[in-house]
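Here is a short briefing for a first look at a protein. Please view the sequence and the structure before reading on.

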Amino acid sequence: MMSFKSFVLLSLSLAAITAYVYAQVAPGSNAYLPPTKNGYDYPEPNKPFQPGPPGRTPGNGPRPPPSPPRNIPGQPGDDHVHVPGMPFDFEYAVQDPETANDYAHKASSDGDVVTGEYRVQLPDGRTQVVRYTADWKTGYHADVSYEGEAQFPQGPAAGGRGGGGGGSAGYKY
């Protein structure tokens, strides 16, 4: 049987050996190396980063006056080169009366302008319709409208099942 002193001495020795072995791995090295030489799958820049003029470090010396804004916020700059996107056209709809899900979305694009519409049945019975246009120059523009009349049916008496209103007993799966 091993004495307590021997056990402590053995444990400390094992801890010291383990620490020594782990210390032999180069400090700061990472066992998870990047998959490529720069860590990402894109080409290196043609013009590598050039440091600023010598003798000037951040916070050292006077700052140049702020330059005037180059463009209007939300608008592309004068140097923007627009590359059209891929044209597309899609549509889907879900109508499930048992779970009261009723929504749809359709959109199309010529590569520059996206136009579309989506609709959702709201809990009050109306349908919210959003017709939108989006492009690279002016952004997203939506026209929101509602179809139908809002209805607020009386649910079960207070303390009844469901708690979701509308007399529903909750979600069905």
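The points below go from the overall picture to single residues.

This is a predicted model. The protein has 173 residues, and 7% of them count as buried. Its secondary structure comes to 1 helix and 5 strands.

**Overall layout**

- Along the sequence, the elements follow the pattern α-β-β-β-β-β.
- The protein exposes about 15200 Å². Carbon and sulfur atoms supply 60% of that area.

**Aromatic pairs**

- The model holds 4 aromatic pairs.
- The rings of Tyr 118 and Tyr 132 form a tilted pair, because their planes meet at 50°, between the limits of 30 and 60 degrees. Their centres are 6.0 Å apart.
- This pair links distant parts of the chain. Tyr 118 is in strand E3 (residues 113–121), Tyr 132 is in strand E4, and 14 residues separate them.
- Tyr 118 is partly exposed, with a relative accessible area of 30%. Tyr 132 counts as buried, at 10% relative accessibility.
- Elsewhere, ring pairs link Phe 88, Phe 90 and Tyr 92 into a cluster.

**Salt bridges around Glu 117**

- The count of salt bridges comes to 4.
- Glu 117 forms a salt bridge with Arg 119, and the closest N and O atoms are 3.2 Å apart.
- Glu 117 also forms a salt bridge with Arg 131, where the closest N and O atoms are 3.1 Å apart.
- Arg 131 lies in strand E4 and Glu 117 in strand E3, so this pair ties together parts that are 14 residues apart in sequence.
- Glu 117 counts as buried because its relative accessibility is 14%, under the 20% limit.
- Both arginines count as partly exposed: Arg 119 at 24% relative accessibility, and Arg 131 at 37%.
- A network of salt bridges links Glu 117, Arg 119, Arg 131 and Glu 147.

**Arg 126: a salt bridge and a ring**

- The side chain of Arg 126 meets that of Asp 124 in a salt bridge, at 2.8 Å from N to O.
- Arg 126 also lies over the face of Tyr 146, at 4.7 Å from the ring centre.
- Arg 126 counts as partly exposed, at 23% relative accessibility. Asp 124 counts as buried, at 12%.

**Thr 127 in strand E4**

- Thr 127 is in strand E4, which covers residues 127–135.
- Is Thr 127 buried or exposed? Thr 127 counts as buried because its relative accessibility is 18%, under the 20% limit.
- Leaving aside residues up to four places away in sequence, Thr 127 touches Arg 119, Val 120, Gln 121, Ser 145, Tyr 146 and Glu 147.
- Arg 119 and Glu 147 belong to the salt-bridge network. Tyr 146 is the ring under Arg 126.

How values were computed. Residues are numbered from 1 along each chain as its sequence is written. This is a predicted model: local features need pLDDT of at least 70, side-chain atom pairs count only at pLDDT 80 or more; totals for chains, interfaces and linings use all residues. Side-chain values use heavy atoms; hydrogens and water are left out. Helices (H or I, at least four residues) and strands (E, at least two) are DSSP runs, numbered from the N terminus. Buried means under 20% relative accessible area, exposed over 50%, partly exposed in between (1.4 Å probe, protein chains only). Contact means heavy atoms within 4.5 Å. Accessible areas come from the Shrake-Rupley method with a 1.4 Å probe; for residues, only the protein chains shown count as cover. Rings of Phe, Tyr and Trp (its six-membered ring) pair if their centres lie within 6.5 Å; planes under 30 degrees apart count as stacked, over 60 as edge-to-face and the rest as tilted. A charge sits over a ring if NZ of Lys or CZ of Arg is within 6 Å of the ring centre and within 35 degrees of the ring normal.
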